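Hi,

Here is the structure I promised to pass on. Have a look at it first, then read my notes below.

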Amino acid sequence: MEKFAPVKRSGDGQPVRYLIVDDSVFARKNLAQMVETFGGQVAGEAGDGVTAISEYERLTPDIVLMDITMPQMEGIEAAEKIVRDHPDARIVMVSSVGYQENIVAALQRGARHFVQKPVKPEVLYEVIKYVMRDDGAARGAGAGV
Amino acid sequence: MRMELIQPFINSADAVLAQGLQSPTAIENLTMEEEAYRRRGIAAEVCLSGDIEGRIIFDADQKTAVRFASCLAGADLPETDGLMREAVCELANQIIGNAVTVLNDQGFHFRVHPPTVHTSEQGSKSSEDTEALVICFSTESGNVFMNVALRYHRRRAMERIAAV
């Protein structure tokens, strides 16, 4: 897999901590592998929206990568509940269903960005840098380094 | 069956398979099937309801399912039933999701039900309205069959538009 300049937290220079939420174990592994190439750390994983909320409370990750279609509670609803309690939460929706209504609904409910599956590492990398920009200057220098 | 409904699924399958298997794919053949669906390998079925109604079955041989799973996981995985089923469901999920995105942005509205593993050897026979189109994608690790039986409900779509 392509190498990327590490994206670090600006405050303490530590790796960005991720919570990966997807009902597919393969999708989670795929995303975990990508964020590790961005210099990130997988703080935890969840397979549905309900678990995502409790894992967010427990882990307080820097970024949540959240699928939309999941059992028990869908990703958009989980994102809304997390953002309601944690307005600074950075949630990036990651779904194969990327039509406009879905994207608008996710953004209106507090998600910061949307990435369509199958995920291209260079696209996710740019989104992560963009979403982390309010953490100060993300230290990544660009893709393909 | 209207071709403009099918084309997004073909394009999506082509793109997702190429990226997921990290190798080129080609459409081997395309046939209409009136007989009942017969499972070939590991199969996942996705049902649609709304303006477009019907089902799509993805059927991959074991080697292809393992290859897809291994590419996603970034490590070589063993050929276990659970892993292969999960892999084919995720494959179906990604292909359908991308096609649905295109169709929805073209104005077709419908609901996609989550993929389910198709375990029986045979499926229901397609009707005259929902004759199945079978597309065979050849990949370096084996074939993937996409069996599409969809029906467009013009009246339902008109009713939905009129209600807005």
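**Helix H1 of chain B**

In this predicted model, the buried residues of H1(B) are Leu5(B), Ile6(B), Pro8(B), Phe9(B), Ile10(B), Ser12(B), Ala13(B), Val16(B), Leu17(B), Gly20(B) and Leu21(B). The helix itself covers residues 3-21 of chain B, 19 residues in total. You can check its length yourself: at 1.5 Å a residue, H1(B) should span 27 Å, and the C-alpha atoms at its ends are 26 Å apart, so the two values agree. Once you get just past H1(B), look at Gln22(B), which has a positive phi of about 50 degrees.

**Chain B as a whole**

If you step back, chain B has four helices and seven strands. Going along the sequence, they come in the pattern α-β-β-β-α-α-β-β-β-β-α. Of the 164 residues in chain B, 51% are buried. Now take the contacts in chain B between residues at least 6 apart in sequence: 71% of these join residues at least 24 apart.

**One arginine in chain A**

Over in chain A, find Arg90(A) in the loop between helix H3 (75-85) and strand E4 (91-95). Is Arg90(A) buried or exposed? Its relative accessible area is 13%, and the cut-off for buried is under 20%, so Arg90(A) counts as buried. A polar atom of the Arg90(A) side chain lies 3.5 Å from the backbone oxygen of Val131(A).

Cheers

Key:
Residues are numbered from 1 along each chain as its sequence is written. Chains are lettered from A and ligands numbered from 1 in the order in which they are written. This is a predicted model: local features need pLDDT of at least 70, side-chain atom pairs count only at pLDDT 80 or more; totals for chains, interfaces and linings use all residues. Side-chain values use heavy atoms; hydrogens and water are left out. Helices (H or I, at least four residues) and strands (E, at least two) are DSSP runs, numbered from the N terminus. The expected span of a helix is 1.5 Å times one less than its number of residues. Buried means under 20% relative accessible area, exposed over 50%, partly exposed in between (1.4 Å probe, protein chains only). Contact means heavy atoms within 4.5 Å. A polar contact is a pair of N or O atoms within 3.5 Å; within protein, one must be able to donate a hydrogen and the other to accept it, and residues adjacent in sequence count only if both atoms are side-chain atoms.
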